[in-house]
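Dear colleague,

I am handing over a structure that will be new to you, and my notes on what was found in it follow. Please read them with the sequence and the model side by side.

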Amino acid sequence: MKLAVTIPAYNEENTLGNVIHEIKELKPEDFEGKIDDIEIIVINDGSEDNTVKVAEEAGADIIVSFRKNRGLARAFRQGIETALERGADIIVNIDADGQYNTKEIPKLVKPILDGKADIVLGSRFKGWIEYMPLQKKIGNKIATWVTRIASGFPTSDAQTGFRAFSRDAAMKLHVLADYTYVQETIIQASHYGLKIVEVPVEFRKRRGDGKSRLISNIFGYAKRAGMIILRSYRDYNPLKVFGLIGGVFIVIGLYYGWRVLSYYLDTGHVGSRLPSAILATLLLIVGVQTVVLGLLADMLKSQRMLLDDMLYRLKKLEYGKKE
Ligand SMILES: Nc1nc2c(ncn2[C@@H]2O[C@H](COP(=O)(O)OP(=O)(O)OP(=O)(O)O)[C@@H](O)[C@H]2O)c(=O)[nH]1
Ligand SMILES: [Mg+2]
């Protein structure tokens, strides 16, 4: 069986070489003899430093380069596509900054090799964290909690960059965001009934210059990741989302409407309750329209499901069946 290790890298000349060297040390015995071919795929996302040179010198098998920086999620998607094209049976994604321990790749892959999982997440919070600044820890916890609610999967670390995918799972995921893929993939996977398993992993301090490439500002990250999670949740649960918003408008509208109606029944005129009557009407119109929007969005969801299924079948044809 073939394992592809995808490494998205943006200006990682200091750490990427070591990550590649370490992966090259892995042997078939580390995988109980079940993996006989390991291919390293680096996705250089328009780095301005010597990332490509370092990757070449360290012996990466494939280097895909974007001319300009296009974002981690796009690089991740490219990695998955290249791995599928190359006939990988299992794909492991690992960050280029050396924070994850490559020696744990066999542990990550095992549940898939044993047929017990479609996707494996390396959980830092179940494992060991050498260093994570407090604000990142809190941010990670919050984003994980939101992803749990949105996906229904009780993940302990939704932001982990250390993951393994079976070939079939990789073909089923269609990342739409460009900034980050981490939460969206969990929400999709859970929605499609893929079996997700978590294994504890190590998380080391960032070496090199120590600066995060992805997160320059935690609030900026929260905003962008939050939007991605909301969008994914809305796409898969339109009736719930629009129904809830519309429902709130309708309930408040009914409350004011009832007050006007009972006043009218008592006195025979609307009189001073006219503003309430107008407010109730407006609230009810907006509420009903929002619910109708939800019904339309639900129809779009059905279309999306069909498109997703077609895309999956198309990928199967394009990348060839590997049974
Ligand atoms: N393709 C691509 N990769 C990126 C980009 N930003 C970050 N990365 C890569 O994504 C991985 C994770 O980014 P990091 O900056 O380490 O993010 P982090 O691990 O959440 O933050 P730190 O704990 O500070 O390292 C690394 O391999 C980066 O090289 C980007 O814009 N494009
Ligand atoms: Mg990192």
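Before anything else, a word on how elements are named: helices (H or I, at least four residues) and strands (E, at least two) are DSSP runs, numbered from the N terminus. The model is a predicted one, in which local features need pLDDT of at least 70 and side-chain atom pairs count only at pLDDT 80 or more, while totals for chains, interfaces and linings use all residues. Residues are numbered from 1 along each chain as its sequence is written, chains are lettered from A and ligands numbered from 1 in the order in which they are written, and side-chain values use heavy atoms, with hydrogens and water left out.

The chain as a whole

The chain holds 10 helices and 7 strands, and its C-alpha trace spans about 85 × 45 × 35 Å along the principal axes. Of its 323 residues, 46% are buried, where buried means under 20% relative accessible area, exposed over 50% and partly exposed in between, with a 1.4 Å probe and protein chains only.

The pockets

A pocket is found on a 1 Å grid over the protein atoms alone, as an open set of points where a 1.4 Å probe fits, with protein on both sides within 12 Å along at least five of seven lines, and its lining residues have an atom within 4 Å of a point. Grid points are joined across faces, edges and corners, and a volume is the space filled by probe spheres set on the points. Sorted by class, the lining of the largest pocket has 18 nonpolar, 15 polar and 14 charged residues, with Ala, Val, Leu, Ile, Met, Phe, Trp, Tyr, Cys and Pro counted as nonpolar, Asp, Glu, Lys and Arg as charged, and the others, Gly among them, as polar.

The second largest pocket has a volume of about 230 Å³, and 13 residues line it, with Gly139, Ile142, Ala143, Tyr221 and Ala222 nearest its centre. Helix 5 and helix 8 are the elements that give two or more residues to this lining, and the largest share, 7 residues, comes from helix 8. Its lining has 10 nonpolar and 3 polar residues, but no charged ones.

The ligands

Around ligand 1 there are 19 residues, of which Glu12, Asp45, Asp97, Lys136 and Arg213 come nearest; a residue is near a molecule if one of its heavy atoms lies within 4 Å of it. Polar contacts are pairs of N or O atoms within 3.5 Å; within protein, one must be able to donate a hydrogen and the other to accept it, and residues adjacent in sequence count only if both atoms are side-chain atoms. An oxygen atom of ligand 1 lies 3.0 Å from a polar backbone atom of Pro8, and an oxygen atom of ligand 1 is 3.2 Å from a polar backbone atom of Tyr10. For Asp97 the distance is 2.5 Å, from a polar side-chain atom to an oxygen atom of ligand 1.

Asn11 sits in the loop between strand 1 and helix 1 (16-24), has a positive phi of about 55 degrees although it is not a glycine, and counts as buried because its relative accessibility is 16%. Lys2, in strand 1, is buried too, at 12% relative accessibility, and its side chain makes a polar contact of 3.4 Å with that of Glu39. Gly253, within helix 9 (residues 238-267), is buried with a relative accessible area of 0%.

Finally, helix 7 (residues 182-191) is mostly covered, with 8 of its 10 residues buried, and Gly193, which follows helix 7, has a positive phi near 70 degrees.

With best wishes
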